[in-house]
Amino acid sequence: MSENKVTDPVADWWHTSIIDMEPGRIAFRGHPVEELIGTLSFPQMIWHMVMGTPLDAGRARLFEAALVAAVDHGPQAPSIAAARMAATCGVGLNNAMATGVNMLGDVHGGAGEQAVALYQDIDGRSEACGLEDATTQALDTFRANRGKFIPGFGHRFHKPVDPRAPRLLGLVDEAAAIGSVSGRFAAIGRAVEARLATEKAKPVPMNIDGATAVIFAELGCPAPLARGFFCLSRSVGILAHAWEQTCQGGRNKGPTPPAHRWTYDGV
């Protein structure tokens with residue numbers, strides 16, 4: 001920056017490299033919007049805006065697959081249930097969607113972020129000691145800091161296998177075969193799966209969070225953004241359920257039918 005540059009206290013209040021705009025002109029990351037419309041797919045546009053880098057067709061196919069796979073998991077999912085309950089309160093679609101998205105935290109919605117961080121930890125250790133030892137060390141560290149549950153593996157509902165995970169891993173393998181991604185995070189995910197099976201004496205298959213984390217790690221996504229991308233994906237299901245509930249009608253539906261009461265354990 002020039003020493004003689006005069007700063008504008010209003011214009012310089014925010015700094016962004018995402019959008020430049022003035023009357024008659026809109027540019028996203030330096031590209032005029034009219035050049036992007038009809039050229040980039042929506043997944044490519046998401047990546048362009050958030051990451052600030054181009055995403056070629058092969059990598060975009062993987063990114064899109066991860067987004068598609070996680071759109072919904074039924075009304076038993078807290079984010080979907082909350083959105084449907086909000087819709088019965090007459091708050092409107094935007095409020096119902098916000099209610100659902102705000103349910104996505106460390107326990108419901110955060111496993112993908114945690115899995116990416118775990119994979120990246122293993123990747124960082126593997127050069128020094130090899131994949132198998134790196135996996136063991138990283139799992140021990142994770143459990144010491146975060147508890148016994150390993151994010152991205154096992155599923156309380158889908159037994160024995162989450163049907164989404166093998167399909168996603170297969171797409172990663174296809175992309176690695178043509179050089180779109182390295183494939184090393186797919187190997188890391190499988191190494192974790194193998195290690196957990198040894199510890200438990202039974203399979204602990206990768207679930208959707210573990211599989212989408214493989215994709216996000218292969219694409220070079222920082223771990224926290226894995227949760228952000230999951231929020232984008234799940235917002236589609238949240239919108240669908242909020243709209244369906246709005247069309248169905250009903251007022252103030254709580255989490256359980258009226259005939260079922262909670263357990264009172266006070267005095």
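This is a predicted model: local features need pLDDT of at least 70, side-chain atom pairs count only at pLDDT 80 or more; totals for chains, interfaces and linings use all residues.

Reader: What is a salt bridge, and how many does a search of the whole structure find?

Author: A salt bridge is a side-chain nitrogen of Lys or Arg within 4 Å of a carboxyl oxygen of Asp or Glu. Searching the whole structure gives 12 salt bridges.

Reader: Which residue meets Arg25 in a salt bridge?

Author: Glu22 does, with an N to O distance of 3.1 Å between the side chains. Asp20 belongs with Glu22 and Arg25 to a network of salt bridges.

Reader: Are Arg25 and Glu22 buried, exposed or partly exposed?

Author: Buried means under 20% relative accessible area, exposed over 50%, and partly exposed in between, with a 1.4 Å probe and protein chains only. Arg25 has a relative accessible area of 30%, so it is partly exposed. Glu22, at 43%, is partly exposed as well.

Reader: Which parts of the chain does the salt bridge between Glu174 and Arg61 link?

Author: The closest N and O atoms of Glu174 and Arg61 are 3.5 Å apart. This pair links distant parts of the chain: Glu174 is in helix 8 (residues 164–177) and Arg61 in helix 3 (residues 57–69), 113 residues apart. Helices here are DSSP runs of H or I with at least four residues, numbered from the N terminus. Glu174 is partly exposed at 41% relative accessibility, and Arg61 is partly exposed at 45%.

Reader: Where do the partners of the salt bridge between Arg190 and Asp173 lie?

Author: Their closest N and O atoms are 2.8 Å apart. Arg190 lies in helix 9 (residues 184–200) and Asp173 in helix 8, so the pair ties together parts 17 residues apart in sequence. Arg190 is partly exposed, at 33% relative accessibility, and Asp173 is partly exposed with a relative accessible area of 33%.

Reader: What is a disulfide, and how many does the structure hold?

Author: A disulfide is a covalent bond between the sulfur atoms of two cysteines. The cut-off used is a pair of cysteine sulfur atoms within 2.5 Å. The structure holds zero disulfides. Cys89 is in none, the nearest cysteine sulfur being that of Cys247, 17 Å away. Cys89 is partly exposed, with a relative accessible area of 48%.

How values were computed
Residues are numbered from 1 along each chain as its sequence is written. Side-chain values use heavy atoms; hydrogens and water are left out. Helices (H or I, at least four residues) and strands (E, at least two) are DSSP runs, numbered from the N terminus.
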